[in-house]
Amino acid sequence: MNLVLFGPPGAGKGTQAKLLMEHRSLPQLSTGDMLRRAITEGTELGRNAKAIMDRGDLVSDDIVIGIVAERLNQPDCASGAVFDGFPRTIAQAEALDRLLQSLGKKIDLAIELKVNDEVLIERSANRVKEMIAAGQNPRADDTPETLRNRLDVYYRNTAPLIAYYRNQGKLKTVHGMAPIPEVTKSIAALLDGAS
Ligand code: AMP
C-alpha cells in the first residue's frame, strides 16, 4: 500500500505517519525529516535547503524528487510507504506517479487532513511558547509569521493536489482537528476499505 498524507503544516501528518509506521509497518517517507537530517549533517543539500526552509518556502522539485527516488529504492519500501509532506506540487505528484509506475507500483490512496487555519496558528504559537518555557529550541519555521507563509505556500502549491487525486479517484478527506486517536481510526478505516 502506497499512501499519500497531505494537509497544511501542523495538520498532524507526521504524527499519523509515525503511527502508521508502528501499526502497519509502512515506512514514513518524510521529505521534511530527510531535509532536516541533511541540514544537521551539514551536507551540500542541507546547506542549500536551510534558508529556503527557514522562510517556509518550498525546496525545488528536482531536489525533493531526487531524494524520494533514492529512498524508494531501499528494501523497506518494497511493500509500500506513507508519503508525508511529499508531493507538495503537481510536478512532484506527476513525478511520483512516474517513479512508482517504473517500479510496477502506484499510489493507492491520498488522504487530505482538513484543518482550521486559525486554530493551527494558535496551536503553533502555544507550542512555541511551551518549548521556550521548557528551555527547548522551537523549529525555525514554526514561528507564527513563518507558519502563515507556509500556509500560503500550501494553498498556492499543494492544495491543487486535491483535484489531482480526486480526478484519479484516490482522494479521501479526514477531519484533522479531531483528537489524534480519532484521526488514526478514520485513517485506519480508509486503509481497510482500500485493501
Ligand atoms: P515539513 O516537515 O514537511 O513541514 O517540511 C518542512 C520544510 O521542508 C517545508 O516548509 C519545505 O521548506 C521543505 N520541504 C519538505 N518537503 C518538501 C517538498 N515535498 N517539496 C518542497 N519542499 C519541501
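The model is a predicted one. Show both rings: the centres of tyrosine 154 and tyrosine 155 are 5.2 Å apart and the planes stand at 85 degrees, so the pair is edge-to-face.

The structure as a whole holds three aromatic pairs. For another of them, select phenylalanine 6 and tyrosine 165, a tilted pair with 6.3 Å from centre to centre and 40 degrees between the planes. Phenylalanine 6 belongs to strand S1 (residues 2–6) and tyrosine 165 to helix H8 (residues 161–167), so this pair ties together parts 159 residues apart in sequence. Phenylalanine 6 is buried at 2% relative accessible area, and tyrosine 165 is buried at 0%.

Next, select the ligand and the 16 residues around it; Thr31, Arg36, Asp57, Gly85 and Arg88 come nearest. Colour the shell by class to see six nonpolar, four polar and six charged residues. Helix H2 (residues 31–41) supplies the largest share of this shell, four residues.

At aspartate 57, a backbone N or O atom lies 2.5 Å from a ligand oxygen atom. At arginine 88, a polar side-chain atom is 2.9 Å from a nitrogen atom of the ligand. At arginine 150, a polar side-chain atom is 3.1 Å from an oxygen atom of the ligand. Finally, show the ligand surface: taken alone the ligand exposes 480 Å², and the protein buries 95% of that.

Definitions and conventions:
Residues numbered from 1 in each chain as written. Predicted model: local features only at pLDDT ≥ 70, side-chain atom pairs only at ≥ 80, totals over all residues. Heavy atoms only, no water. Near = heavy atom within 4 Å. Polar contact = N/O pair within 3.5 Å; in protein donor to acceptor, adjacent residues only side chain to side chain. Areas by Shrake-Rupley, 256 points an atom, 1.4 Å probe, with all protein chains shown as cover. Helix = DSSP H or I, 4+ residues; strand = E, 2+ residues; numbered from the N terminus. Nonpolar A, V, L, I, M, F, W, Y, C, P; charged D, E, K, R; others polar. Phe/Tyr/Trp six-rings, centres within 6.5 Å; stacked < 30°, edge-to-face > 60°. Buried < 20%, exposed > 50% of the residue type's maximum accessible area, 1.4 Å probe, protein only.
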